[in-house]
Amino acid sequence: MTKAQAKKKYKNWTPKSFDEKCKQITDGIVKGISTSGKWIRYWTDAEVGGLPSNYSTKKEYHGLNVMSCLGRMYAKGYKHNKWVTPLGAKSLGGHIKKGESGLVLSYYEIKLYDEDGNKIPKGNPDKIEVASRRPFFNTFFVFNIEQCEGIEMPKVVKKKKRTFKPLKELEAMVEKYQLKYPTLTIEEEKESSEAYYVPSRDHIVLPTMQQFVEKAEELKMTTLEGKHNHGRVKLHEIGHSAKKRMLKKDETMLPDSFFRNHKEDYAYEELCAELFSVFMGMKLGITYGSNLSNSENYLKGWCSALKSNPTWIVKASSEAMRRVRLFEGCANA
C-alpha cells in the first residue's frame, strides 16, 4: 500500500480535532486493558522485553505510543513487540495481510512560519526569520509484524539467565539522581505499611525489600519477583519526586494534601508517576510479577477516568517521558 492509498483508505476514519484524536487513542488503550485483563507482563522474553519499536527503522516508540502498542499487543495476543508502517513493510520485502486493521499512533511536529504566515521548510536553508512556531498533533498507522506477510520474523532467542542485574543498575541510577539533587532523602530501612513521597520535605518512604519478598512468598511468587516489585514501587515514588525537579523557578510544589483533597489532580499525578515507573521499568528490565501488578491495578482502575478525560493519557505519557529523560540524564551526567 502506497502512502497515497493509505491516506485515501483512512481519510474518512482519521479524526480531525485534537480531542477526537485523543479520544480515538484513549478508547484503544481502554479496550486493550479491558479485553486482555493484563497490562504489564513478565518482561523476560527477548522478543517482548523493552520498549515497542519500529521493525524497519529500529527506532523505539515513546510515551503514549508505548501504551497504545502494549494495549493492542495484549488484546490480540501478539508475541512480538515490533511494528511497521505499510511503507515499512514494503521496504522489508513484505506487505500487510488483507483485512488487517492498523493501530493509530501519534507524534507532535513543530512547524515554522514566517511573518506572512508561509510555512518554512525543514532545515530552513535560506535562514528565513521564524515568526511563529505551531505544534501539530499528528497520527499515523502501524501494524504488528505478525499482521504481515513476506517479512522475516525476528529469530526466537532461547530464554537464558540474565547477564545484567537491573536492580543494581536501578540503585546506581538512584544514587546519581540523589547526588544531583541532594535534598532528596529515601527511607526504606524501617518497616512501613505504605509508600509515599512528601513534597515539602523532599522525602520518600518505602517498605523494606524484605516486606516485598515476604508478600511475594505469600502470593506464591518468587523472591526475585518480590524484589522487582520493590524496585517498581521505588520508581513510582521517584516519579513523583521528579515532578519537583520539572518545576520552573517561580513555581512551587503543591503539598500532598492538595492532591488528596482534589481527586482529579491526585489521580492525574498518580497516573504520571505510574507511567514513569512503567517506562523506566521496561527500559531497565525490571520484571513484573505474574500474580501481582500494581501497574495493572492502577491502570484498570483508571479506565473510567480515562474515558471521561481522553486527553489525560496523552498529557500524562508526555509528562512521564519528560521525567524519564530527567532521571536518565542524571545517570548519564
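Guide: The model discussed here is a predicted one.

Visitor: How do the residues of the contact of α5 with α7 divide into nonpolar, polar and charged?

Guide: On the side of α5 the contact is made by P166, L167, L170, E171, V174 and Y177, while α7 contributes residues including K227, K234, L235, I238 and R245. Sorted by kind, the residues of this contact are four charged, three polar and eight nonpolar.

Visitor: Which residue forms a salt bridge with E188?

Guide: Side chains of opposite charge can pair when their charged atoms come close. For E188, which lies in the loop between β8 (185–187) and β9 (196–198), the partner sits in helix α7 (residues 223–246), so the pair ties together parts that are 46 residues apart in sequence. The closest N and O atoms of the pair are 2.8 Å apart, and the residue is K234.

Visitor: How far apart are the closest N and O atoms of K215 and E218?

Guide: Both residues belong to helix α6 (residues 209–218), where they stand three residues apart, about one turn of the helix. K215 counts as partly exposed at 39% relative accessibility, whereas E218, at 58%, counts as exposed. The two form a salt bridge in which the closest N and O atoms are apart by 3.7 Å.

Visitor: Which residues are linked with E319 and R322 in a network of salt bridges?

Guide: E319 and R322 are three residues apart in helix α12 (residues 312–332), and therefore separated by about one helical turn; their closest N and O atoms are 2.7 Å apart. E319 counts as buried at 13% relative accessibility, while R322, at 34%, counts as partly exposed. The network that links these two also takes in E269 and R323.

Visitor: How many salt bridges does the structure hold?

Guide: Among them are the pair of E188 with K234, that of K215 with E218 and that of R322 with E319. For the structure, the number of salt bridges is eight.

How values were computed
Residues numbered from 1 in each chain as written. Predicted model: local features only at pLDDT ≥ 70, side-chain atom pairs only at ≥ 80, totals over all residues. Heavy atoms only, no water. Salt bridge = Lys/Arg side-chain N within 4 Å of Asp/Glu carboxyl O. Helix = DSSP H or I, 4+ residues; strand = E, 2+ residues; numbered from the N terminus. Buried < 20%, exposed > 50% of the residue type's maximum accessible area, 1.4 Å probe, protein only. Contact = heavy atoms within 4.5 Å. Nonpolar A, V, L, I, M, F, W, Y, C, P; charged D, E, K, R; others polar.
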